[in-house]
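Morning, everyone. Please look at the screen while I talk.

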Amino acid sequence: MEFVKPQIEYAQLWPMLVVFGVACAGVLVEAFLPRTARYVVQTLLTLAGLVVALVGTCLVAADLPTLGDGAARGLIAAEGTIAVDGPSVFLWGVVLVFAIGGVLLFAERRLEGGVTAFAGQAAALPGTEAERRASTAGMEHTEVYPLVLFAVGGMMLFPAANDLLTMFVALEVLSLPLYLLCGLARRRRLLSQEAALKYFLLGAFSSGFFLYGIALVYGFAGSMEFGAINEAVRNDVGNSSLLLIGMGMLAVGLFFKVGAAPFQAWTPDVYQGAPTSVTAFMAAATKVAAFGAILRLFYVAFGADRWSWQPMMWIVAILTMVVGSILAIAQSDIKRLLAYSSVAHTGFLLTGVLGVQSATELTEGQLTSLQAVLFYLVTYGFATLGAFAVVTLVRDSGGEQTHLSRWAGLGKEAPLVAGVFAFFLLAMAGIPLTSGFVGKWAVFEVALSAGAWPVVIAAVLMSIVAAFFYVRVIVLMYFSEPTGEAPSVASPSVLTAATIAVGAAATLAIGLMPGPVLELAGNAGQFLR
């Protein structure tokens, strides 16, 4: 047999390859550079790699071929395993922007007195002499930079995967570095290690479900490519029980990744225990990548069988919004509150997934569900990244103060910080003139267009409940007196300040002028099949 070399479209894939290449270079930096030089080199190398990949993503987006009278843009690359289409490239850009913000938070040193928030020696047991020596020497783990780049590369591959096996590989590539990053906190190391272990064990369990779902769907369709699965579903070629069970198991793996109920149990523990900079990056970027994968899997591979999976999505969306909104009310820790807020937002995003799927089914001027969900991911990511960046500032000699009682009176002690945090909370609540309002309006509109009015009613009611716990924090900051010592706010370096400023500016600008981002999401077109 003659060997036929694979055809790899490097001109379209190079932004993702740059991220993986710089991650490998970061590993070599750890091996060959002295410890004192690694922080500066790793930070600059990581930021340069992400910026180059972002510029490359813009160039690739501008050069994508148009298909089907403008309904879609792009091509199927790497022997049919990767779809470089409009939605993929849009999601690449969003992930890279949030990754740059996350790396700036990773590199922050001023808040911890000249070192980063990551442990000096992760292998040393908490409370041992080895840990004390590492802390006294000012050691820090710069391995976090190649780890975050590998995670970003996985996040870029995940929504672009055009077959189930590539999607599973991408899922593991983005997940494994996050498991490690969650356990590397310098302070409260036992809590951080507990968070990492819970995330790893539950993540491995959900990956098993995902892999078993792949096997069942392959048994039904005889192929792992999304286009072939769609044709098999459309022609009803196999045992529908295999398809339904496989579809459900794939959904379990993806619902775990986005923190949808009843698979959200890991979210508050991991968000609370992980270093806050990791939580910020994970909350924003992971949700973008995972929802991109959900949209591609259910719209492209299972789009012809929407009446089978939509009832499941209705139930999960309503349950997720109820669980996230109700349990957030009972939280006394700001990171756990934001974690349950993230769960509630997952429900709102799933509401958008239920919308009309194709531009051909819409009247003039109506949004597609893909456009609405992409827009919501942008608005949610900027607000979440900025909110967690503010959380890193409220601290005392013992580190971050995340208990709500320590935030009482913050409006008097640090009016600017409290004002910015209140603005992010109002955006998450969906108050007019913020990006969150337009995002919720978009996903509610497309869900109504698809006849999912019970889900929209539940979403509106849970939005009211969510507004209560957001406003409660604002009242605590401005109208409550601190019990004991007043809250203190550390002065950050330009790295954290820039992340907060960009998040606030984007949240305000998108709220006042949502048109450009909505148009950008609309121009991405539909998924390639």
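Predicted model: local features only at pLDDT ≥ 70, side-chain atom pairs only at ≥ 80, totals over all residues.

The buried ones are F226, I229, N230, A232 and V233. They cover an arc of only 165 degrees around the axis, which puts them on the same side of α8. Here is the general idea. An α-helix has 3.6 residues a turn, so residues three or four places apart point the same way.

What do the buried residues of α8 pack against? Four helices: α6 (164–182), α7 (189–221), α9 (240–258) and α11 (276–301). Then look just after α8. There, D236 takes a positive phi of about 50 degrees.

Now the largest pocket. It holds about 440 Å³ of space. How many residues line the largest pocket? The count is 22. Nearest the centre of the pocket lie V89, F90, G93, V94 and L520. Which helix gives the most to this lining? That is α3, with seven residues. Helices that each supply at least two lining residues include α2 (35–62), α14 (369–391), α19 (494–512) and α20 (515–523). By class, the lining has 17 nonpolar, four polar and one charged residues.

Last, cysteines. A disulfide is a covalent bond between the sulfur atoms of two cysteines. C182 counts as buried, at 0% relative accessibility.

Methods: Residues numbered from 1 in each chain as written. Heavy atoms only, no water. Buried < 20%, exposed > 50% of the residue type's maximum accessible area, 1.4 Å probe, protein only. Arc of directions from axis to C-beta. Contact = heavy atoms within 4.5 Å. 1 Å grid on protein atoms, 1.4 Å probe; cavity = no way out; pocket = protein on both sides within 12 Å on 5 of 7 lines; lining within 4 Å. Points joined across faces, edges and corners; volume = space filled by probe spheres on them. Nonpolar A, V, L, I, M, F, W, Y, C, P; charged D, E, K, R; others polar.
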